[in-house]
Amino acid sequence: MARTFGMSIRNLERLFQRYADSSPARYYKTLRLEHARDLLLHTNLANVDIAIATGFCSSSYFSASYNKAFRTYAVSGTSEKSLRFN
């Protein structure tokens with residue numbers, strides 16, 4: 001992405017941090033977790049399938065990341081209310 005904008009990687013990271021208040025990697029991980037949350041709420045896919053679909057290398061890493069991000073456990077086929085209070 002840095003090359004596309006004609007700047008160094010470090011410069012892109014600085015700009016990203018300034019305007020998105022996050023590193024590019026953290027921002028991308030957040031997008032993946034939000035997509036996973038949507039899949040949990042609106043599909044009956046198993047957690048391992050959601051982990052793979054959202055780019056996580058293992059279901060345990062996905063579950064730990066999800067729990068840390070949303071302070072709840074990833075359980076497929078649950079309602080938003082259940083996700084918040086598990």
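Modeller: Happy to. One term to begin with: a charge sits over a ring if NZ of Lys or CZ of Arg is within 6 Å of the ring centre and within 35 degrees of the ring normal. Please keep in mind that this is a predicted model.

Colleague: Thanks! How far from the ring centre of F56 is the charged end of R32?

Modeller: The cut-off for a charge over a ring is within 6 Å of the centre. The charged end of R32 meets it over F56, and its distance from the ring centre is 4.1 Å.

Colleague: Are the rings of F56 and F62 stacked, edge-to-face or tilted?

Modeller: Both F56 and F62 are buried, and their ring centres are 5.4 Å apart. Stacked needs planes under 30 degrees apart and edge-to-face needs over 60. The planes here are at 55°, so the pair is tilted.

Colleague: And F70, is that residue buried, partly exposed or exposed?

Modeller: F70 pairs with Y66 at 4.8 Å centre to centre, and the two lie four residues apart in α4. Y66 is buried, with a relative accessible area of 0%. Buried means under 20% and exposed over 50%; F70 has 22% relative accessibility, so F70 counts as partly exposed.

Technical notes:
Residues are numbered from 1 along each chain as its sequence is written. This is a predicted model: local features need pLDDT of at least 70, side-chain atom pairs count only at pLDDT 80 or more; totals for chains, interfaces and linings use all residues. Side-chain values use heavy atoms; hydrogens and water are left out. Rings of Phe, Tyr and Trp (its six-membered ring) pair if their centres lie within 6.5 Å; planes under 30 degrees apart count as stacked, over 60 as edge-to-face and the rest as tilted. Buried means under 20% relative accessible area, exposed over 50%, partly exposed in between (1.4 Å probe, protein chains only).
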